[in-house]
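Here is my notebook from a first walk through this structure. I jotted down each thing as I looked it up, and you are welcome to follow along.

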Amino acid sequence: MSHAYQKCINPACQGEFDIGETLPGCPRCGNLLDIQYNWDKLPLPSRARDLGRVTSWPAGGMGQVSGVWRFGDLIPFAPLENRVSIGEGHTQLRPSDRVGSYAGLKPGGLWLQYEGLNPSGSFKDNGMAGAFTHASLVGAKVAACASTGNTSASLAAFAAASGAMRAVIFIGDGKVAYGKLSQALDYGALTLLVKGDFDDAMARVREVCQEENIYLVNSVNPFRLEGQKTIVYRVLEGLSWEVPDWLVCPGGNLGNSSAFGKALYELYDLGLIPRMPRLVVVNSAGAPTLSRLVNKHGLVWNGGTVDDKLIDSYYAGLDARGERAHTLASAIEINRPVNLKKCLRALERTQGLVLEVSDQEILDAKAQVAREGIGCEPASAASLAGTRVLRERGVIAPSDRVVCILTGHQLKDPHATVAYHGKSLAELAEDYGSFGVSTAPFANRPVRVANSLGEIIDAVRRDVRPPVGK
Ligand SMILES: *Cc1c(COP(=O)(O)O)cnc(C)c1O
Ligand SMILES: [Zn+2]
(Lines give C-alpha, C1' and ligand atoms only; values in the text may rest on other atoms or scores of the structure.)
(Ligands and ions follow the chains in the order given, each with its own letter.)
Protein backbone atom coordinates (compact mmCIF):
# COMPACT_ATOMS: atom_id res chain seq x y z
CA MET A 1 0.00 0.00 0.00
CA SER A 2 1.69 3.11 -1.18
CA HIS A 3 -0.24 5.43 1.11
CA ALA A 4 1.68 4.22 4.15
CA TYR A 5 5.35 4.75 4.86
CA GLN A 6 7.84 4.73 7.72
CA LYS A 7 9.14 8.01 9.05
CA CYS A 8 11.82 8.94 11.57
CA ILE A 9 10.41 10.68 14.68
CA ASN A 10 13.36 13.08 14.77
CA PRO A 11 12.27 16.35 13.11
CA ALA A 12 15.89 17.20 12.34
CA CYS A 13 16.11 13.99 10.26
CA GLN A 14 12.70 13.45 8.64
CA GLY A 15 13.96 10.23 7.05
CA GLU A 16 11.25 8.37 5.14
CA PHE A 17 11.33 4.68 4.31
CA ASP A 18 9.21 2.21 2.43
CA ILE A 19 6.71 0.00 4.26
CA GLY A 20 8.47 -3.03 2.79
CA GLU A 21 11.68 -2.33 4.70
CA THR A 22 12.48 -4.04 7.99
CA LEU A 23 14.31 -1.52 10.15
CA PRO A 24 15.03 -1.61 13.89
CA GLY A 25 15.37 2.19 13.86
CA CYS A 26 16.19 5.07 11.54
CA PRO A 27 19.21 4.06 9.43
CA ARG A 28 20.28 7.72 9.28
CA CYS A 29 20.08 8.89 12.91
CA GLY A 30 19.14 5.84 14.99
CA ASN A 31 15.89 7.27 16.32
CA LEU A 32 12.57 5.40 16.40
CA LEU A 33 10.37 5.09 13.33
CA ASP A 34 6.66 5.81 13.01
CA ILE A 35 4.14 4.52 10.52
CA GLN A 36 2.60 7.47 8.68
CA TYR A 37 -0.31 7.58 6.25
CA ASN A 38 -1.46 9.84 3.46
CA TRP A 39 -4.91 10.02 4.99
CA ASP A 40 -6.35 12.19 2.22
CA LYS A 41 -5.80 9.32 -0.23
CA LEU A 42 -7.38 6.71 2.04
CA PRO A 43 -11.07 5.93 2.60
CA LEU A 44 -12.22 6.95 6.07
CA PRO A 45 -15.71 7.51 7.44
CA SER A 46 -16.49 11.09 8.35
CA ARG A 47 -17.95 10.21 11.75
CA ALA A 48 -16.21 8.24 14.51
CA ARG A 49 -19.27 6.10 15.14
CA ASP A 50 -18.94 4.61 11.66
CA LEU A 51 -15.48 3.30 12.55
CA GLY A 52 -14.92 -0.30 13.58
CA ARG A 53 -17.57 -1.91 11.44
CA VAL A 54 -16.63 -5.17 9.80
CA THR A 55 -16.92 -4.10 6.22
CA SER A 56 -13.48 -4.58 4.78
CA TRP A 57 -12.59 -8.21 5.24
CA PRO A 58 -13.23 -11.20 2.98
CA ALA A 59 -16.11 -13.24 4.40
CA GLY A 60 -15.00 -16.00 6.75
CA GLY A 61 -11.49 -14.64 7.27
CA MET A 62 -10.02 -14.29 10.74
CA GLY A 63 -10.32 -10.54 10.38
CA GLN A 64 -14.03 -10.90 10.96
CA VAL A 65 -13.26 -11.80 14.53
CA SER A 66 -10.27 -9.52 15.08
CA GLY A 67 -10.73 -6.53 17.34
CA VAL A 68 -7.64 -5.12 15.65
CA TRP A 69 -8.49 -5.47 11.94
CA ARG A 70 -12.04 -4.33 12.59
CA PHE A 71 -10.28 -0.94 12.75
CA GLY A 72 -8.16 -1.65 9.68
CA ASP A 73 -9.18 1.72 8.20
CA LEU A 74 -7.05 3.40 10.88
CA ILE A 75 -4.03 1.09 10.48
CA PRO A 76 -3.99 0.64 6.69
CA PHE A 77 -0.41 -0.45 6.07
CA ALA A 78 -1.08 -3.92 4.66
CA PRO A 79 -3.45 -5.35 2.08
CA LEU A 80 -6.30 -7.50 3.38
CA GLU A 81 -4.75 -10.81 2.36
CA ASN A 82 -1.65 -10.16 4.48
CA ARG A 83 -3.48 -9.30 7.68
CA VAL A 84 -2.75 -11.86 10.40
CA SER A 85 -5.06 -12.60 13.32
CA ILE A 86 -5.50 -15.17 16.07
CA GLY A 87 -8.75 -13.62 17.27
CA GLU A 88 -7.24 -10.82 19.36
CA GLY A 89 -9.01 -7.73 20.63
CA HIS A 90 -12.25 -9.18 21.99
CA THR A 91 -11.91 -7.13 25.10
CA GLN A 92 -14.42 -5.32 27.18
CA LEU A 93 -14.89 -1.95 28.80
CA ARG A 94 -16.58 -2.41 32.14
CA PRO A 95 -17.92 0.44 34.28
CA SER A 96 -17.31 -0.09 37.99
CA ASP A 97 -18.64 2.14 40.73
CA ARG A 98 -17.11 -0.07 43.40
CA VAL A 99 -13.61 0.28 42.00
CA GLY A 100 -14.36 3.93 41.22
CA SER A 101 -15.17 4.62 44.84
CA TYR A 102 -11.87 2.98 45.88
CA ALA A 103 -10.15 5.50 43.61
CA GLY A 104 -12.22 8.36 45.05
CA LEU A 105 -14.43 8.87 42.01
CA LYS A 106 -18.15 9.53 41.89
CA PRO A 107 -20.49 6.81 40.56
CA GLY A 108 -20.32 6.56 36.79
CA GLY A 109 -16.76 7.87 36.67
CA LEU A 110 -14.59 4.77 36.26
CA TRP A 111 -14.23 2.17 33.51
CA LEU A 112 -11.89 -0.81 33.34
CA GLN A 113 -10.66 -1.86 29.90
CA TYR A 114 -9.79 -5.54 30.39
CA GLU A 115 -7.12 -6.71 27.95
CA GLY A 116 -6.64 -10.03 29.77
CA LEU A 117 -9.29 -11.49 27.44
CA ASN A 118 -6.87 -11.65 24.53
CA PRO A 119 -5.87 -15.10 23.19
CA SER A 120 -2.55 -15.12 25.05
CA GLY A 121 -3.96 -13.21 28.00
CA SER A 122 -2.47 -9.75 27.54
CA PHE A 123 -2.80 -6.63 25.41
CA LYS A 124 0.37 -7.63 23.55
CA ASP A 125 -1.73 -9.65 21.07
CA ASN A 126 -3.11 -6.41 19.60
CA GLY A 127 0.38 -5.29 18.68
CA MET A 128 1.55 -8.72 17.63
CA ALA A 129 -1.23 -8.84 15.02
CA GLY A 130 0.37 -5.71 13.53
CA ALA A 131 3.96 -6.97 13.73
CA PHE A 132 3.08 -10.41 12.32
CA THR A 133 1.22 -8.80 9.48
CA HIS A 134 4.31 -6.82 8.55
CA ALA A 135 6.50 -9.89 9.03
CA SER A 136 4.28 -11.78 6.61
CA LEU A 137 4.41 -8.85 4.18
CA VAL A 138 8.21 -8.96 4.09
CA GLY A 139 8.38 -12.76 4.11
CA ALA A 140 10.18 -13.19 7.44
CA LYS A 141 10.68 -16.78 8.64
CA VAL A 142 12.12 -16.20 12.13
CA ALA A 143 10.94 -13.63 14.68
CA ALA A 144 12.46 -12.73 18.03
CA CYS A 145 11.83 -10.59 21.08
CA ALA A 146 13.17 -9.81 24.51
CA SER A 147 10.41 -10.04 27.05
CA THR A 148 9.34 -9.81 30.65
CA GLY A 149 6.96 -12.59 29.60
CA ASN A 150 3.89 -11.34 27.81
CA THR A 151 5.45 -10.30 24.53
CA SER A 152 7.09 -13.72 24.35
CA ALA A 153 3.80 -15.50 25.14
CA SER A 154 2.13 -13.53 22.37
CA LEU A 155 4.93 -14.05 19.84
CA ALA A 156 5.00 -17.78 20.62
CA ALA A 157 1.23 -18.07 20.17
CA PHE A 158 1.19 -16.21 16.84
CA ALA A 159 4.19 -18.20 15.58
CA ALA A 160 2.60 -21.51 16.52
CA ALA A 161 -0.69 -20.52 14.91
CA SER A 162 1.04 -19.43 11.71
CA GLY A 163 2.77 -22.77 11.39
CA ALA A 164 5.43 -21.06 9.32
CA MET A 165 7.29 -18.75 11.70
CA ARG A 166 9.99 -19.79 14.18
CA ALA A 167 9.90 -17.80 17.43
CA VAL A 168 13.05 -17.01 19.41
CA ILE A 169 12.59 -15.57 22.87
CA PHE A 170 15.02 -13.78 25.18
CA ILE A 171 14.02 -13.70 28.85
CA GLY A 172 15.99 -12.51 31.87
CA ASP A 173 16.63 -15.73 33.80
CA GLY A 174 14.48 -15.81 36.94
CA LYS A 175 12.72 -12.59 35.87
CA VAL A 176 9.54 -14.10 34.47
CA ALA A 177 6.25 -15.13 36.05
CA TYR A 178 5.53 -18.83 35.55
CA GLY A 179 2.23 -18.31 33.74
CA LYS A 180 4.09 -16.47 30.99
CA LEU A 181 7.07 -18.80 30.82
CA SER A 182 4.72 -21.78 30.59
CA GLN A 183 3.11 -20.26 27.49
CA ALA A 184 6.39 -19.76 25.62
CA LEU A 185 7.46 -23.32 26.37
CA ASP A 186 4.11 -24.88 25.59
CA TYR A 187 3.72 -23.00 22.28
CA GLY A 188 7.09 -24.36 21.22
CA ALA A 189 9.27 -21.24 21.00
CA LEU A 190 13.04 -21.42 21.32
CA THR A 191 13.27 -19.95 24.83
CA LEU A 192 16.61 -18.46 25.86
CA LEU A 193 16.94 -17.71 29.57
CA VAL A 194 19.61 -15.05 29.52
CA LYS A 195 21.62 -14.50 32.67
CA GLY A 196 20.55 -10.94 33.45
CA ASP A 197 17.37 -8.88 33.41
CA PHE A 198 15.06 -7.49 30.74
CA ASP A 199 17.35 -4.60 29.89
CA ASP A 200 20.18 -7.09 29.23
CA ALA A 201 17.93 -9.38 27.16
CA MET A 202 16.77 -6.38 25.11
CA ALA A 203 20.34 -5.34 24.32
CA ARG A 204 21.26 -8.90 23.23
CA VAL A 205 18.18 -9.53 21.08
CA ARG A 206 18.86 -6.37 19.09
CA GLU A 207 22.40 -7.56 18.36
CA VAL A 208 21.31 -11.09 17.47
CA CYS A 209 18.54 -9.88 15.14
CA GLN A 210 21.01 -7.62 13.36
CA GLU A 211 23.63 -10.35 13.09
CA GLU A 212 21.28 -13.17 12.04
CA ASN A 213 18.77 -11.14 10.04
CA ILE A 214 15.91 -12.10 12.34
CA TYR A 215 12.64 -10.14 12.46
CA LEU A 216 12.41 -8.19 15.75
CA VAL A 217 8.93 -7.85 17.26
CA ASN A 218 9.71 -5.78 20.34
CA SER A 219 7.87 -2.50 20.52
CA VAL A 220 10.71 -0.64 18.76
CA ASN A 221 8.86 -2.24 15.85
CA PRO A 222 6.45 0.52 14.75
CA PHE A 223 3.96 -2.00 13.35
CA ARG A 224 3.45 -3.36 16.88
CA LEU A 225 2.29 0.05 17.99
CA GLU A 226 -0.16 0.33 15.08
CA GLY A 227 -1.96 -2.76 16.40
CA GLN A 228 -1.95 -1.40 19.93
CA LYS A 229 -3.71 1.78 18.80
CA THR A 230 -6.89 -0.29 18.57
CA ILE A 231 -7.13 -0.54 22.37
CA VAL A 232 -7.96 3.17 22.34
CA TYR A 233 -10.49 2.72 19.53
CA ARG A 234 -12.30 0.01 21.48
CA VAL A 235 -12.32 2.14 24.63
CA LEU A 236 -13.85 5.06 22.74
CA GLU A 237 -16.30 2.79 20.95
CA GLY A 238 -17.32 1.39 24.35
CA LEU A 239 -18.04 4.95 25.47
CA SER A 240 -20.07 5.66 22.29
CA TRP A 241 -17.16 7.88 21.20
CA GLU A 242 -17.62 10.24 24.13
CA VAL A 243 -14.09 11.16 25.10
CA PRO A 244 -13.21 10.49 28.77
CA ASP A 245 -11.13 12.94 30.82
CA TRP A 246 -8.30 10.54 31.58
CA LEU A 247 -6.80 7.41 30.07
CA VAL A 248 -4.48 5.59 32.48
CA CYS A 249 -2.03 2.77 31.74
CA PRO A 250 1.04 1.18 33.29
CA GLY A 251 4.40 2.10 31.77
CA GLY A 252 7.17 -0.43 31.10
CA ASN A 253 8.84 -0.25 27.71
CA LEU A 254 6.33 2.54 26.95
CA GLY A 255 5.00 0.97 23.76
CA ASN A 256 1.42 1.04 24.91
CA SER A 257 1.41 4.66 26.07
CA SER A 258 3.14 5.68 22.83
CA ALA A 259 0.55 3.81 20.77
CA PHE A 260 -2.32 5.32 22.78
CA GLY A 261 -0.95 8.81 22.19
CA LYS A 262 -0.63 8.19 18.44
CA ALA A 263 -4.14 6.76 18.24
CA LEU A 264 -5.54 9.78 20.05
CA TYR A 265 -3.82 12.55 18.15
CA GLU A 266 -4.44 10.88 14.82
CA LEU A 267 -8.18 10.71 15.59
CA TYR A 268 -8.06 14.32 16.77
CA ASP A 269 -6.08 15.56 13.77
CA LEU A 270 -8.51 13.75 11.46
CA GLY A 271 -11.40 15.55 13.15
CA LEU A 272 -12.93 12.29 14.36
CA ILE A 273 -12.86 13.26 18.06
CA PRO A 274 -13.32 16.82 19.37
CA ARG A 275 -10.67 16.59 22.10
CA MET A 276 -8.26 14.11 23.65
CA PRO A 277 -8.26 12.56 27.11
CA ARG A 278 -5.17 13.27 29.19
CA LEU A 279 -2.86 10.26 29.17
CA VAL A 280 -1.47 9.04 32.50
CA VAL A 281 1.49 6.65 32.53
CA VAL A 282 2.11 4.84 35.80
CA ASN A 283 5.57 3.54 36.70
CA SER A 284 6.33 1.21 39.55
CA ALA A 285 8.57 3.00 42.05
CA GLY A 286 11.00 0.11 41.45
CA ALA A 287 11.38 0.99 37.75
CA PRO A 288 10.83 4.75 37.63
CA THR A 289 12.89 5.94 34.66
CA LEU A 290 10.11 7.85 32.89
CA SER A 291 8.77 9.47 36.03
CA ARG A 292 12.24 10.49 37.26
CA LEU A 293 13.29 11.90 33.90
CA VAL A 294 10.05 13.84 33.45
CA ASN A 295 9.18 14.91 36.98
CA LYS A 296 12.62 15.35 38.48
CA HIS A 297 14.81 16.25 35.51
CA GLY A 298 12.21 18.06 33.41
CA LEU A 299 12.71 15.95 30.27
CA VAL A 300 10.21 16.91 27.54
CA TRP A 301 9.48 16.09 23.90
CA ASN A 302 10.21 19.68 22.97
CA GLY A 303 8.91 19.38 19.41
CA GLY A 304 11.11 16.34 18.90
CA THR A 305 14.38 17.91 19.98
CA VAL A 306 14.83 15.75 23.06
CA ASP A 307 17.75 16.29 25.42
CA ASP A 308 19.70 13.10 24.65
CA LYS A 309 22.51 14.08 27.02
CA LEU A 310 20.09 14.16 29.95
CA ILE A 311 18.89 10.64 29.12
CA ASP A 312 22.44 9.34 28.68
CA SER A 313 23.58 10.80 31.97
CA TYR A 314 20.55 9.33 33.75
CA TYR A 315 21.46 5.86 32.44
CA ALA A 316 25.12 6.40 33.29
CA GLY A 317 24.01 7.21 36.85
CA LEU A 318 22.03 3.96 37.04
CA ASP A 319 25.07 2.03 35.88
CA ALA A 320 27.44 3.82 38.25
CA ARG A 321 25.19 3.01 41.20
CA GLY A 322 24.56 -0.55 39.96
CA GLU A 323 20.83 0.21 40.04
CA ARG A 324 18.55 -2.34 38.37
CA ALA A 325 14.79 -2.32 37.98
CA HIS A 326 13.16 -4.13 40.92
CA THR A 327 9.40 -4.52 41.18
CA LEU A 328 7.01 -7.42 41.65
CA ALA A 329 5.04 -5.95 38.76
CA SER A 330 7.41 -7.87 36.49
CA ALA A 331 5.77 -6.70 33.24
CA ILE A 332 6.99 -3.17 33.96
CA GLU A 333 10.34 -4.10 35.51
CA ILE A 334 12.24 -2.09 32.90
CA ASN A 335 14.73 0.72 33.47
CA ARG A 336 15.65 1.52 29.87
CA PRO A 337 12.31 1.93 28.07
CA VAL A 338 12.87 1.73 24.33
CA ASN A 339 9.91 3.96 23.46
CA LEU A 340 10.87 6.74 25.84
CA LYS A 341 10.83 9.48 23.20
CA LYS A 342 7.55 8.43 21.63
CA CYS A 343 6.02 8.42 25.09
CA LEU A 344 7.30 11.96 25.72
CA ARG A 345 5.56 12.99 22.50
CA ALA A 346 2.33 11.31 23.61
CA LEU A 347 2.52 13.10 26.97
CA GLU A 348 3.03 16.45 25.28
CA ARG A 349 0.24 16.02 22.73
CA THR A 350 -2.30 14.85 25.33
CA GLN A 351 -1.15 17.07 28.24
CA GLY A 352 -0.32 13.82 29.94
CA LEU A 353 1.26 12.97 33.27
CA VAL A 354 3.51 10.33 34.69
CA LEU A 355 3.78 9.16 38.29
CA GLU A 356 5.16 6.34 40.42
CA VAL A 357 3.27 4.02 42.73
CA SER A 358 4.61 1.52 45.25
CA ASP A 359 4.28 -2.24 44.88
CA GLN A 360 2.08 -2.21 47.99
CA GLU A 361 -0.30 0.22 46.26
CA ILE A 362 -0.24 -1.98 43.17
CA LEU A 363 -1.19 -5.17 45.03
CA ASP A 364 -3.92 -3.42 47.01
CA ALA A 365 -5.39 -1.99 43.81
CA LYS A 366 -5.18 -5.40 42.16
CA ALA A 367 -7.24 -6.90 45.00
CA GLN A 368 -9.87 -4.19 44.49
CA VAL A 369 -10.10 -4.87 40.76
CA ALA A 370 -10.56 -8.57 41.46
CA ARG A 371 -13.54 -7.91 43.72
CA GLU A 372 -15.25 -6.75 40.55
CA GLY A 373 -14.73 -10.22 39.09
CA ILE A 374 -11.87 -9.12 36.86
CA GLY A 375 -8.51 -10.77 37.41
CA CYS A 376 -5.47 -8.77 36.36
CA GLU A 377 -1.76 -9.19 36.91
CA PRO A 378 0.14 -6.84 39.23
CA ALA A 379 1.48 -4.48 36.52
CA SER A 380 -2.05 -3.92 35.21
CA ALA A 381 -3.29 -2.68 38.57
CA ALA A 382 -0.74 0.14 38.47
CA SER A 383 -3.31 2.05 36.42
CA LEU A 384 -5.88 1.96 39.23
CA ALA A 385 -3.23 2.63 41.89
CA GLY A 386 -2.07 5.66 39.90
CA THR A 387 -5.63 6.93 39.45
CA ARG A 388 -6.16 6.77 43.20
CA VAL A 389 -2.98 8.71 43.93
CA LEU A 390 -3.87 11.44 41.41
CA ARG A 391 -7.35 11.69 42.91
CA GLU A 392 -5.83 12.05 46.40
CA ARG A 393 -3.54 14.78 45.12
CA GLY A 394 -6.51 16.58 43.61
CA VAL A 395 -5.17 16.28 40.06
CA ILE A 396 -8.10 14.09 39.03
CA ALA A 397 -11.42 15.56 40.20
CA PRO A 398 -14.11 13.40 41.87
CA SER A 399 -16.49 13.92 38.95
CA ASP A 400 -13.93 13.17 36.23
CA ARG A 401 -14.38 10.25 33.84
CA VAL A 402 -11.43 7.85 33.96
CA VAL A 403 -10.56 4.75 31.96
CA CYS A 404 -7.97 2.38 33.43
CA ILE A 405 -6.33 -0.10 31.08
CA LEU A 406 -5.91 -3.54 32.64
CA THR A 407 -3.12 -4.94 30.54
CA GLY A 408 -2.90 -8.63 31.45
CA HIS A 409 -4.66 -11.60 33.00
CA GLN A 410 -4.46 -12.57 36.66
CA LEU A 411 -3.37 -16.16 35.87
CA LYS A 412 -0.15 -14.86 34.35
CA ASP A 413 1.22 -14.50 37.87
CA PRO A 414 -0.83 -16.52 40.37
CA HIS A 415 2.05 -16.43 42.83
CA ALA A 416 1.51 -12.74 43.53
CA THR A 417 -2.20 -13.27 44.13
CA VAL A 418 -1.81 -16.25 46.44
CA ALA A 419 0.96 -14.53 48.39
CA TYR A 420 -1.33 -11.56 49.01
CA HIS A 421 -4.42 -13.51 50.06
CA GLY A 422 -3.09 -16.76 51.35
CA LYS A 423 0.06 -16.10 53.32
CA SER A 424 0.69 -14.81 56.81
CA LEU A 425 2.18 -11.34 56.97
CA ALA A 426 5.50 -12.89 57.99
CA GLU A 427 5.45 -15.14 54.92
CA LEU A 428 4.37 -12.22 52.75
CA ALA A 429 7.28 -10.16 54.06
CA GLU A 430 9.63 -13.03 53.30
CA ASP A 431 8.39 -13.25 49.68
CA TYR A 432 7.84 -9.59 48.93
CA GLY A 433 9.59 -7.64 51.67
CA SER A 434 12.28 -6.53 49.23
CA PHE A 435 9.52 -4.90 47.18
CA GLY A 436 8.26 -2.98 50.22
CA VAL A 437 5.12 -5.10 50.57
CA SER A 438 4.30 -5.81 54.20
CA THR A 439 0.51 -5.80 54.56
CA ALA A 440 -2.54 -7.13 52.77
CA PRO A 441 -5.51 -5.00 53.85
CA PHE A 442 -7.85 -6.57 51.30
CA ALA A 443 -6.75 -10.17 51.76
CA ASN A 444 -9.41 -12.85 51.39
CA ARG A 445 -7.88 -15.48 53.65
CA PRO A 446 -8.47 -19.17 52.97
CA VAL A 447 -9.85 -21.03 55.98
CA ARG A 448 -8.06 -24.22 57.02
CA VAL A 449 -10.42 -26.86 58.42
CA ALA A 450 -10.15 -30.46 59.55
CA ASN A 451 -11.86 -33.09 57.42
CA SER A 452 -14.83 -32.94 59.80
CA LEU A 453 -18.44 -32.19 58.94
CA GLY A 454 -19.03 -30.29 62.16
CA GLU A 455 -16.01 -28.08 61.79
CA ILE A 456 -16.75 -27.38 58.13
CA ILE A 457 -20.37 -26.47 58.84
CA ASP A 458 -19.19 -24.14 61.60
CA ALA A 459 -16.84 -22.42 59.19
CA VAL A 460 -19.60 -22.01 56.60
CA ARG A 461 -22.08 -20.65 59.16
CA ARG A 462 -19.55 -18.21 60.54
CA ASP A 463 -19.31 -16.77 57.04
CA VAL A 464 -22.81 -16.83 55.59
CA ARG A 465 -25.01 -16.25 58.67
CA PRO A 466 -26.09 -12.66 59.15
CA PRO A 467 -24.35 -11.33 62.24
CA VAL A 468 -26.39 -11.57 65.47
CA GLY A 469 -28.62 -8.55 65.97
CA LYS A 470 -29.39 -7.94 62.30
C1 LIG B 1 4.07 -5.23 28.44
C2 LIG B 1 3.18 -5.02 29.60
C3 LIG B 1 3.09 -3.76 30.24
C4 LIG B 1 3.95 -2.61 29.85
O5 LIG B 1 3.60 -2.10 28.59
P6 LIG B 1 4.66 -1.24 27.76
O7 LIG B 1 4.05 -1.07 26.45
O8 LIG B 1 5.91 -2.05 27.73
O9 LIG B 1 4.84 0.03 28.54
C10 LIG B 1 2.19 -3.61 31.26
N11 LIG B 1 1.40 -4.64 31.68
C12 LIG B 1 1.48 -5.84 31.10
C13 LIG B 1 0.60 -6.93 31.61
C14 LIG B 1 2.35 -6.07 30.05
O15 LIG B 1 2.42 -7.28 29.50
ZN1 LIG C 1 16.33 9.65 11.51
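**Entry 1: two residues with positive phi.** I began with Ser240, which sits in the loop between α6 (222-238) and β10 (246-250). For the labels, I take helices (H or I, at least four residues) and strands (E, at least two) as DSSP runs, numbered from the N terminus. Ser240 has a positive phi of about 55°, and it is not a glycine. I made a note that most residues other than glycine have a negative phi. Ser240 is exposed, at a relative accessible area of 57%. My scale is this: buried is under 20% relative accessible area, exposed is over 50%, and partly exposed lies in between (1.4 Å probe, protein chains only).

I then looked up Asn302, in the loop between α8 (289-296) and α9 (308-321). Its phi is also positive, near 55°, and Asn302 is not a glycine either. Asn302 counts as partly exposed because its relative accessibility is 45%.

**Entry 2: ground rules.** I remind myself that this is a predicted model, where local features need pLDDT of at least 70 and side-chain atom pairs count only at pLDDT 80 or more, while totals for chains, interfaces and linings use all residues. Residues are numbered from 1 along each chain as its sequence is written, chains are lettered from A and ligands numbered from 1 in the order in which they are written, and side-chain values use heavy atoms, with hydrogens and water left out.

**Entry 3: strand β5.** How many of the five residues of β5 are buried? I found that five of five are, across residues 110-114. Leu110, Leu112 and Tyr114 are buried on one side, and Trp111 and Gln113 on the other, so both faces are covered by the under-20% rule.

Next I checked the neighbours of β5, where pairing takes at least two DSSP bridges between two strands. Strand β4 (residues 92-95) runs antiparallel to β5 and is joined to it by four bridges. Gln92 has Tyr114 as its bridge partner in β5. Strand β13 (residues 402-406) runs parallel to β5, with five bridges. There, Gln113 stands opposite Ile405.

**Entry 4: helix α4.** Which residues of α4 (residues 178-186) are buried? I listed Gly179, Lys180, Leu181, Gln183 and Ala184. The buried residues of α4 pack against α3 (150-162), β7 (166-172) and β8 (190-194). Just after α4, I came to Gly188, with a positive phi of about 90°.

**Entry 5: Glu356.** Where does Glu356 sit? I found it in strand β12 (residues 353-357). Glu356 is partly exposed, since its relative accessibility is 23%. Leaving out residues up to four places away in sequence, Glu356 touches Asn283, Ala285, Pro288, Ser291 and Arg292; contact here means heavy atoms within 4.5 Å.

Two of my notes concern polar contacts, which are pairs of N or O atoms within 3.5 Å; within protein, one must be able to donate a hydrogen and the other to accept it, and residues adjacent in sequence count only if both atoms are side-chain atoms. The side chain of Glu356 makes one with the side chain of Ser291, at 2.6 Å. Another, at 2.9 Å, joins the side chains of Glu356 and Arg292. I also looked up Val389, 33 residues from Glu356 along the chain: their C-alpha atoms are separated by 9.2 Å.
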